[in-house]
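Thanks for coming. I will show one structure and walk through some of its parts, beginning with a single residue.

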Amino acid sequence: MGARDYSMLGADAKRAVETGLSAAEWYHTSVPRKEMKALMKRSDQPAIRDTILLFGLMVGFAGAGIALWGSWWSAPFWLAYGVLYGSAMDSRWHECGHGTAFRTGWMNDWVYQVACFCMVRNPVTWRWSHARHHTDTIIVGRDPEIVAMRPPDLLRIVLNFFGILDALNGWKRMLQNAAGHLDDEETTFIPDSEKPKAFNAARIWVLIYVATLVLAVVLGSILPLMVIGLPRFFGAWHHVMTGVLQHSGLAEDVLDHRLNSRTVLMNPVSRFIYWNMNYHVEHHMFPMVPYHALPKLHETIKHDLPAPNQSIFEAYVEVLPVLIRQLRNENYFLKRSLPATAKPYREDLHLDALGTPAE
Amino acid sequence: MNQWIDACAKGDIEEEDLIRFDHGDRTFAIYRSPDDEFFCTDGLCTHEEVHLEDGLVMDHTIECPKHNGQFDYRTGKALRAPVCDNLQTYPVKVEGDRVLIQI
């Protein structure tokens, strides 16, 4: 297999459409309709509780950081605030973008807009980008959200632990959108009717950033930027740490989420920040199930899935050697064993796309 | 001329749920609302033609199982991205225990 072309406009994108890898039927574990309806059931209560806690903590940490400004004692509060701003908002963007976090639509939309702003992700562009990620998960040339391409650009991933490339790219796109332009790749997945909304959102953001910068100049302090903007750098590490584990080192160009997605059991703090997206195979197989029901979904279908990684550390012990090996051999990937109770991998769905499995 | 087709029994659909109904080379979704009314739409989502049969009925909306786009199944109106185009709806009547759709 030749070098991969991850561009949405390249040869692999065309190949995926021609071979039927794009917009294909995917494998799903069988779950009785009655049980699935119960799992999909929406509720406002868990997300209201978590959102009050999230914003309450953000106000508290930022308030303590401001009160202690000028002293090193403020540092831990800014670091905690940063993780909520630059990482917890990633999962809020995700869940509210799906519309599953709250039962009430406007609550999803409101938190979604705030989260998009914090993560510097245009609310229109990224809604459509993520729809494509679910249509064509880790299909080369079709999925715009592949974190670890092959060969993996480890420097890029490390820089993004500090938000450097993602945030700078987000602000660059914001200015581009505010001027009424979309990136060429983005035009492949955003309908024309949605483009004005993307431009308007970017223009509102520019106004907010200008106001923040003016305030910083007037005060002669970076403090306003510690509240808005900079946490996207110093708080990004947690969402990159968990996000890298979602698909990295696993198969590309397959039509069975058990082959290209990873479930990792995590500590309760990370699960709050990540809003249970550690159950990632489950989420991709059944995106209708809200975050608070994913542990139950995991229990329901785990007989049909590879065993989950037992911790973030254990998952990295699995992933890092694969990524390092992919630097030399980009066709290498990890194919995990299924339990005896599982149905076999649906390799017939994507047979031609498979490379060299790990042993 | 449109004709009435016997699609299913009332009891085939749980309250606030839907079933798939195939007829010839066409596929439909038939809904039972929380207030015990019946409705019919095309079966495939207008976004990427995923069948709605595995979707979630909440009040008077159907949510697509793939990308969470929503429609009002009474009118077919697209309510939430990524769906932009409305869903075709069809007349429904109930005769005794049977649900009939006009297609």
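Leaving aside its neighbours within four places in sequence, which residues is B:T27 in contact with? They are B:R20, B:D22, B:G43, B:L44 and B:H51. Before I go on, please keep in mind that this is a predicted model.

B:T27 sits in strand β3 of chain B. Is B:T27 buried, partly exposed or exposed? It has 15 C-beta neighbours inside 10 Å, so it counts as partly exposed. For a sense of distance, take B:I5: B:T27 and B:I5 are 22 residues apart in sequence, and 13 Å separate their C-alpha atoms in space.

Now the sheet around that strand. Chain B has an open sheet of four strands, in the order β2-β3-β4-β9, and the pairing is antiparallel. The edge strands are β2, residues 17-23, and β9, since each of these pairs on one side only. As background, strands of a sheet pair through backbone hydrogen bonds, either parallel or antiparallel.

Let us go through the pairs. Strand β3, residues 26-32 of chain B, is joined to β4(B) by five bridges, and the two run antiparallel. Two places show how they line up: B:A29 has B:T41 as its bridge partner in β4(B), and B:R32 stands opposite B:F38. β3(B) and β4(B) make a hairpin with five residues between them. In that turn, B:D36 has a positive phi of about 65 degrees.

On to the next pair. β4(B) is joined by two bridges to strand β9, residues 89-90 of chain B, again antiparallel. Here B:T41 stands opposite B:T89.

Why is β4(B) described as largely enclosed by the rest of the structure? Because four of its five residues, in the stretch 38-42, are buried.

Next, chain A and where it meets chain B. How many residues are in contact across the two chains? On the chain A side there are 15, and on the chain B side 12. Helix α6, residues 123-135 of chain A, gives the most to the chain A side, with five residues. By class, that side has seven nonpolar, six polar and two charged residues.

Let us stay with α6(A). This helix has 13 residues and reaches 19 Å from its first C-alpha to its last, which is close to the 18 Å expected at 1.5 Å a residue. Is α6(A) mostly covered or mostly open? It is mostly covered, with 12 of its 13 residues buried. Among the buried ones are A:W126, A:W128, A:H130 and A:H133. The buried residues pack against α4, α5 and α9 of chain A.

That brings in α9(A), which also packs with another helix. Helix α8, residues 164-178, and helix α9, residues 195-219, both of chain A, pack at an angle of about 115 degrees, and their axes are 8 Å apart. The crossing is left-handed. From α8(A), the residues A:M174, A:N177 and A:A178 take part. They meet A:A198, A:F199, A:A202, A:R203, A:W205 and A:V206 in α9(A). By class, this contact has seven nonpolar residues, one polar and one charged.

Last, some backbone details. Most residues other than glycine have a negative phi, and most peptide bonds are trans. Here are some exceptions.

For phi, A:A23 has a positive value near 55 degrees. A:A23 lies in the loop between α1 and α2 of chain A, and with 16 other C-beta atoms within 10 Å it is partly exposed. B:E49 also has a positive phi, of about 60 degrees. B:E49 is in the loop between β4 and β5 of chain B, and counts as exposed because it has 11 C-beta neighbours inside 10 Å.

For the peptide bonds, a cis bond joins A:R150 and A:P151, with omega about -5 degrees. A:P151 is in the loop between α6 and α7 of chain A. Another cis bond joins B:A81 and B:P82, with omega about 15 degrees. B:P82 is in the loop between β8 and β9 of chain B.

That is the end of my part.

Terms used
Residues are numbered from 1 along each chain as its sequence is written. Chains are lettered from A and ligands numbered from 1 in the order in which they are written. This is a predicted model: local features need pLDDT of at least 70, side-chain atom pairs count only at pLDDT 80 or more; totals for chains, interfaces and linings use all residues. A residue is buried if 20 or more other C-beta atoms lie within 10 Å of its own, exposed if 12 or fewer, and partly exposed in between; C-beta atoms are placed from the backbone. Two strands pair if DSSP finds at least two bridges between them. Axes are lines fitted to C-alpha atoms, for helices over the stretch in contact, and angles run from 0 to 180 degrees between N-to-C directions. A crossing is left-handed if the near helix is turned anticlockwise from the far one by less than a right angle, and right-handed if clockwise. Two residues are in contact if their C-beta atoms, placed from the backbone, lie within 7 Å. Ala, Val, Leu, Ile, Met, Phe, Trp, Tyr, Cys and Pro count as nonpolar, Asp, Glu, Lys and Arg as charged, and the others, Gly among them, as polar. The expected span of a helix is 1.5 Å times one less than its number of residues.
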